[in-house]
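Please look over the charged side-chain pairs in the model below. My notes follow as numbered points.

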Amino acid sequence: MRSKTTDKNENLTRRNFLKMGISALTTLSLLEISGVSLMFMQPRSLEGEFGGTVTAGLVDSFAIGSVTEFPDGRFFLIRAHDGGFLAVYRRCTHLGCSVNWEADQNRFFCPCHASSFDSNGDVENPPAPRALDTFPIQIADGQVIVDTSQIQNRDAFAPDQLAYAAGEQG
Ligand code: FES
């Protein structure tokens with residue numbers, strides 16, 4: 001026959017063991033939750049995608065009179081006939097749909113309400129009220145760098161919107 005004192009001691013030990021187990025699990029869960037929260041709170045680098053700077057490529061890798069799409073950066077890089085560069089945001093200035101570049105028609109076309117824009121992003125066909133927005137371009141060490149964190153509104157195309165590599169200004 002077991003004594004009452006022994007039963008009491010065993011109960012206490014079991015209870016303590018359970019308590020320790022529960023607090024260990026709770027501590028582990030809290031650590032995991034704070035770890036996951038920290039992961040989400042860390043500033044995320046937007047290098048190479050929309051909202052950050054995109055290194056598009058070497059100046060000479062873009063043919064004169066070409067339009068190159070950068071889907072992750074959400075822009076088209078235009079190389080004009082005089083060698084200048086223009087980065088246009090793909091968001092239509094009517095209601096924000098994504099425009100497509102139609103090389104055979106030499107135009108940007110919005111599938112939502114059929115606005116079209118010429119090869120500088122200027123409105124050819126409404127309802128779009130103004131030219132496609134642009135992003136600032138820097139040309140450094142022969143590389144074309146587009147800053148997609150700064151959307152620049154414009155009413156229409158003007159030649160001073162083009163960016164040139166050193167010594168190439170048309
Ligand atoms: S959203 Fe492009 S034409 Fe309406």
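1. Arg 91 is partly exposed, its relative accessible area being 33% (buried means under 20% relative accessible area, exposed over 50%, and partly exposed in between, with a 1.4 Å probe and protein chains only). The model is predicted, so local features need pLDDT of at least 70 and side-chain atom pairs count only at pLDDT 80 or more, while totals for chains, interfaces and linings use all residues. Residues are numbered from 1 along each chain as its sequence is written, and side-chain values use heavy atoms, with hydrogens and water left out.

2. The side chain of Arg 91 meets that of Asp 133 in a salt bridge, at 3.5 Å from N to O (a side-chain nitrogen of Lys or Arg within 4 Å of a carboxyl oxygen of Asp or Glu). Because Asp 133 lies in the loop between strand S8 (123–125) and strand S9 (134–135), and Arg 91 in the loop between strand S4 (85–89) and strand S5 (100–102), the pair ties together parts that are 42 residues apart in sequence; strands here are DSSP runs (E, at least two residues), numbered from the N terminus.

3. Asp 133 is buried, with a relative accessible area of 0%, and it also forms a salt bridge with Arg 130, where the closest N and O atoms are 2.6 Å apart.

4. Glu 102 is partly exposed at 22% relative accessible area, and Arg 107 is partly exposed at 21%.

5. By this rule, the count comes to three salt bridges.

Technical notes. Helices (H or I, at least four residues) and strands (E, at least two) are DSSP runs, numbered from the N terminus.
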